[in-house]
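Reader: I would like to learn how to read a protein model feature by feature. Could we take the features in turn, with the general idea before each case?

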Amino acid sequence: MPKNVIQHHEWNTRDPKRLQAFYGKIFDWKFNDKMMPGYTLIDGIGGVFEITPAMAEMPVGIINYVNVDDLDAKEKLVRAAGGRIYKSKQEVPSMGWFTIFADPDNNTVAMWQAMKRPAKAARAARKSARKLAGAAKKRVKRAATRRRR
């Protein structure tokens, strides 16, 4: 995944259903709110995030997510440059982490760090899949041979 590029757009709102109805009518977007509570995916575009009363300081609006390699280091840079962290390194299980912050002009931006699958684990998974596929082919071949006899 390229780093330091915008890869996701998110609408923050206190009324997700209202935004879904609005954008669904205009652009015929499809929404999926089954992923996690308080979050709705917009197919191929981004998502709608529900701001709860406990998140009172979080502004409504559209947030662009920028891919980064090291979220902790980038958070330090944001603070040092005069930015304000709204939500620090929140995990999305099995996917990665995000941080939401404001720049000095109060524009809201987010950073995304994807979880890295170790190369060794990825190779092992591919090897295991090939092995299973090969074994399945052999079983099918043996069964076909037995039927012909």
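Reader: Is F27 buried, exposed or partly exposed, and what is its relative accessibility?

Author: Before the case itself, please keep in mind that this is a predicted model, in which local features need pLDDT of at least 70 and side-chain atom pairs count only at pLDDT 80 or more, while totals for chains, interfaces and linings use all residues. Residues are numbered from 1 along each chain as its sequence is written, and side-chain values use heavy atoms, with hydrogens and water left out. As for the general idea, a residue is called buried under 20% relative accessible area, exposed over 50% and partly exposed in between, with a 1.4 Å probe and protein chains only. F27 counts as partly exposed because its relative accessibility is 47%.

Reader: In which helix is F27 found?

Author: Helices are DSSP runs of H or I with at least four residues, strands are runs of E with at least two, and both are numbered from the N terminus. F27 is found in helix 1, and Y23 lies in that helix too (residues 16-27), 4 residues apart from F27, which is about one turn of the helix.

Reader: How many aromatic pairs are there?

Author: Rings of Phe, Tyr and Trp (its six-membered ring) pair if their centres lie within 6.5 Å, and the planes then decide the type: under 30 degrees apart is stacked, over 60 is edge-to-face and the rest are tilted. By this rule there are 7 aromatic pairs. One of them joins F22 and Y23, an edge-to-face pair with 5.0 Å from centre to centre and 85° between the planes. Y23 also pairs with F27, and this pair is stacked because the ring centres are 6.1 Å apart and the planes are at 10°. Y23 is buried, with a relative accessible area of 18%, whereas F22 is partly exposed at 44%.

Reader: Which residues do ring pairs link into a cluster?

Author: The cluster linked by ring pairs consists of W11, F22, Y23, F27 and W29.

Reader: Which residue lies over the face of W97?

Author: A charge sits over a ring if NZ of Lys or CZ of Arg is within 6 Å of the ring centre and within 35 degrees of the ring normal. In this model K89 lies over the face of W97, at 5.3 Å from the ring centre.

Reader: What is the phi of D28, and where does D28 lie?

Author: D28 has a positive phi of about 60° although it is not a glycine, and D28 lies in the loop between helix 1 and strand 2 (31-36). S94, which is not a glycine either, has a positive phi of about 65°, and its place is in the loop between strand 6 (84-92) and strand 7 (96-102). D28 counts as exposed at 52% relative accessibility, and S94 is exposed with a relative accessible area of 69%.

Reader: Which residues is F49 in contact with, leaving aside its neighbours within four places in sequence?

Author: Contact means heavy atoms within 4.5 Å. With those neighbours left aside, F49 is in contact with E10, W11, N12, T13, G38, Y39, M55 and K87. F49 lies in strand 4 (residues 46-50) and counts as buried at 11% relative accessibility. The C-alpha atoms of F49 and W11 are separated by 6.1 Å, although these residues are 38 residues apart along the chain. N12, found in strand 1 (residues 6-13), counts as buried at 2% relative accessibility.
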